[in-house]
Amino acid sequence: MRIDFHTHIWNTQLDEVDTFVQNITALGIDKAVVLPIAPYMSNQAVADLVTKADGAIVGFASVVPFAETTGIPREDPLETLAHAVNVLGLKGLKLHPLIQGFALNDPGLVPVVSAAGDLGIPVIFHTGPSNGRAGRLENGRVELLDDLAVMCPNTVLVAGHANPMSDALYLARKHPNVYLETSISWARWGALIPGLVKQVVTEAGPDKILYGSDFSLDRDQRVIDTDAVFTSSGLSAGDLELVFGGNAARLLGLS
Ligand SMILES: [Zn+2]
């Protein structure tokens, strides 16, 4: 089963879920994890997409963890998260340090990230730079998850866009609760440096890598480019199966 751990349906595309599902299916993806960013998209909207997609979408929640410092209208993040999981049935949490205005190792994240662990869901963080102007690049450095992994040992932390040229692989290797998601950065660096993908997967641990493309409507090329660096990587069929879906199925409780 092919699971894309990083996709988006944006707020302006909520009525295009059928097209989204047709497109990912044509690209060979069985299930797409759809990631919202609070407060720009509601958890209810994600739950509605899941219902419409008939099994092809795994919905994640998002909450604003630090509203006081960002001026973003506040809902209680713990209440919002519990509702999203227990009532709406969402399967994970997405947080974005640059857009939501926090550093990845801020101790103030501990209540909401630990709560996710208690609820049995993984937390995926945007890591690295982003194309927008929001936030300090420093706040999104993937290596900062080293601290959070220690502060929240019972929560699965997924480094989104985890740069294979960074120290991210050492985080995955040293922390049982840290996983690396591949979107954007693996296609970029893997295409430039032959052998890189196989080496990083092997050193981080094939059970710690989650295939993700950052697909959204009209971004088919992101899937094609990410697929290309993995299918040409020289990884064993067993390791590829873990990366392409086995690890995600395990984390998300899918069969
Ligand atoms: Zn994304």
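These notebook entries record what I looked up in the predicted model shown above.

**Entry 1. Ground rules.** I number residues from 1 along each chain as its sequence is written. The model is predicted, so I read local features only at pLDDT of at least 70 and side-chain atom pairs only at pLDDT 80 or more, while totals for chains, interfaces and linings use all residues. Helices (H or I, at least four residues) and strands (E, at least two) are DSSP runs, numbered from the N terminus.

**Entry 2. The open sheet.** I looked up the strand order and found S1-S2-S3, an open sheet of three strands with parallel pairing. Strand S1 (3–7) and strand S3 (57–59) are the edges, and because each has a single partner strand, one side of each lacks a neighbour in the sheet. From one strand to the next, the twist averages 25° (axes are lines fitted to C-alpha atoms, and angles run from 0 to 180 degrees between N-to-C directions). Strands count as paired if DSSP finds at least two bridges between them; S1 and strand S2 (residues 31–34) are joined by three. Asp-4 stands opposite Ala-32 in S2.

I then asked how enclosed S1 is: five of its five residues are buried, so the rest of the structure largely encloses this strand. Buried here means 20 or more other C-beta atoms within 10 Å of the residue's own, exposed means 12 or fewer, and partly exposed lies in between, with C-beta atoms placed from the backbone. The chain passes from S1 through helix H1 (residues 17–26) to S2 in a right-handed β-α-β crossover (clockwise from the first strand over the helix to the second, with the strands pointing away from the viewer).

**Entry 3. Val-33.** Val-33 lies in strand S2 and counts as buried, with 26 C-beta neighbours inside 10 Å. Leaving aside residues up to four places away in sequence, I list its contacts as Ile-3, Asp-4, Phe-5, His-6, Thr-7, Val-58 and Phe-60; contact means C-beta atoms, placed from the backbone, within 7 Å. Val-33 and Gly-92 are 59 residues apart in sequence, with 9.1 Å from C-alpha to C-alpha.

**Entry 4. Helix H2.** In H2 (residues 43–53) I find Asn-43, Val-46, Leu-49, Val-50 and Ala-53 buried. They fall within an arc of 115° seen down the axis, so they line one face of the helix; the arc is that of the directions from the helix axis to the C-beta atoms. Their cover includes H1, S2, S3, strand S4 (61–62) and helix H4 (77–86).

**Entry 5. Helix H10.** The buried residues of H10 (residues 196–204) are Val-197, Val-200, Val-201 and Ala-204. Their arc around the axis is only 100°, which puts them on the same side of H10. Among the elements covering them are helix H8 (168–174) and helix H12 (237–252).

**Entry 6. Backbone exceptions.** Most residues other than glycine have a negative phi, and most peptide bonds are trans. I noted a cis peptide bond between Ala-38 and Pro-39, with omega about 0°; Pro-39 is in the loop between S2 and H2. Ile-184, not a glycine, has a positive phi of about 65° and lies in the loop between S8 and H9. Asp-218, also not a glycine, has a positive phi of about 75° and lies in the loop between S9 and H11. Ile-184 counts as buried, with 23 C-beta neighbours inside 10 Å, whereas Asp-218 counts as exposed, with 10.

Technical notes. Two residues are in contact if their C-beta atoms, placed from the backbone, lie within 7 Å.
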